[in-house]
Amino acid sequence: RWARARGAAFALLLNQDIEVTPGWLGPLLSVMESRPDVAAAQPLVVLHSEPHLINTAGNELHFCGFGTCGAYRQPSDSVRPDAEPRSVAFASGAALLLRMDALAQAGDFDEKLFLYHEDCDLQIRLRQLGYDCVLVPGSRVLHKYTERFSARKYALLDRNRWLVLLKDWPLARLAVAAPALAGAELAVLVFAARQGWLREKLASYGEILRLLPAVVRDRR
């Protein structure tokens, strides 16, 4: 909204725990300016503590709604800086350049998805409009990423996974995936019990029910 009010062509999102590198922004802008079909572009994100390893080379998306860091902990030199930009399931919101004209059509982040999966949902909407979402290998940033998750973070990740499924997945795909979704849900409940966030997981069902009418409206 701040960028739109100032007539900006692009909006750049950066997590507060990102450290940029010299020349990182130019390749992102170059892709945006040369390819009007691209609405979201991310740099290669490497681990701040281990810059020879990748944090995410574009996020991956499982058919049960789980989003994961693409190429996590693979060698960062496996992605050549001179490689062409490539499509990804969804670009990481940790460092993300967005086209404002595309957002004017798709809408902004869904605030019901505060904290996690909001970047995934937005890029599903951008793709529905025919835009592409890409990794730009020539741009690199470092992320002070941690694998340690709090109980609330686990619960928010899983709650928002379900909200995105209910909002964005075609009904036919949901029906076909129903057995796998049920099995995955049982597995998540067992995992939550073992990791100490079962209470937060169970509470998230109430949050989903409370948000469901708004999610159905958004789905329409």
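User: Which residues does glutamate 60 touch, leaving out residues up to four places away in sequence?

Analyst: Glutamate 60 touches Phe66, Gly67, Thr68, Gly70, Ala71, Ala89 and Phe90, with residues up to four places away in sequence not counted; contact here means heavy atoms within 4.5 Å. This is a predicted model, in which local features need pLDDT of at least 70 and side-chain atom pairs count only at pLDDT 80 or more, while totals for chains, interfaces and linings use all residues. Residues are numbered from 1 along each chain as its sequence is written, and side-chain values use heavy atoms, with hydrogens and water left out.

User: Where is glutamate 60 placed, and how exposed is glutamate 60?

Analyst: Glutamate 60 lies in strand β5 (residues 59-61), where helices (H or I, at least four residues) and strands (E, at least two) are DSSP runs numbered from the N terminus. Its relative accessible area is 44%, so glutamate 60 is partly exposed; buried means under 20% relative accessible area, exposed over 50%, and partly exposed in between, with a 1.4 Å probe and protein chains only.

User: Switching to strand β3, how many of its residues are buried?

Analyst: In β3 (residues 38-47), 10 of the 10 residues are buried, so the strand is largely enclosed by the rest of the structure.

User: Which strands does β3 run parallel or antiparallel to?

Analyst: β3 runs parallel to β9 (residues 132-143), joined by 9 bridges, and valine 38 has aspartate 132 as its bridge partner in β9. β3 runs antiparallel to β8 (residues 95-99) over 2 bridges, with leucine 97 of β8 as the partner of alanine 41. β3 also pairs with β4 (residues 54-56) in the antiparallel sense over 2 bridges, and a hairpin of 6 residues joins β3 to β4. Two strands pair if DSSP finds at least two bridges between them.

User: And β8, which way do its side chains point?

Analyst: Ala95, Leu97 and Arg99 point one way from β8, Leu96 and Leu98 point the other way, and all are buried. In a regular strand the side chains alternate between the two faces of the sheet. β8 is also joined to β1 (residues 10-14) by 5 bridges, and these two strands run antiparallel; phenylalanine 10 has arginine 99 of β8 as its bridge partner.

User: Now the helices. At what angle do α5 and α7 pack?

Analyst: Helix α5 (residues 151-168) and helix α7 (residues 198-219) pack at about 30°, with their axes 9 Å apart; axes are lines fitted to C-alpha atoms, for helices over the stretch in contact, and angles run from 0 to 180 degrees between N-to-C directions. α5 and α7 are therefore roughly parallel to each other, given that angles under 35 degrees count as roughly parallel, over 145 as roughly antiparallel, 65 to 115 as roughly perpendicular and the rest as oblique. The residues of the contact of α5 with α7 divide into 10 nonpolar, 1 polar and 10 charged, where Ala, Val, Leu, Ile, Met, Phe, Trp, Tyr, Cys and Pro count as nonpolar, Asp, Glu, Lys and Arg as charged, and the others, Gly among them, as polar.

User: How do α6 and α7 cross?

Analyst: The axes of α6 (residues 171-195) and α7 come within 11 Å and cross at roughly 155°, and α6 and α7 are therefore roughly antiparallel to each other. Leu171, Glu185, Val188, Leu189, Ala192 and Ala193 in α6 meet Leu198, Lys201, Leu202, Tyr205 and Arg219 in α7.
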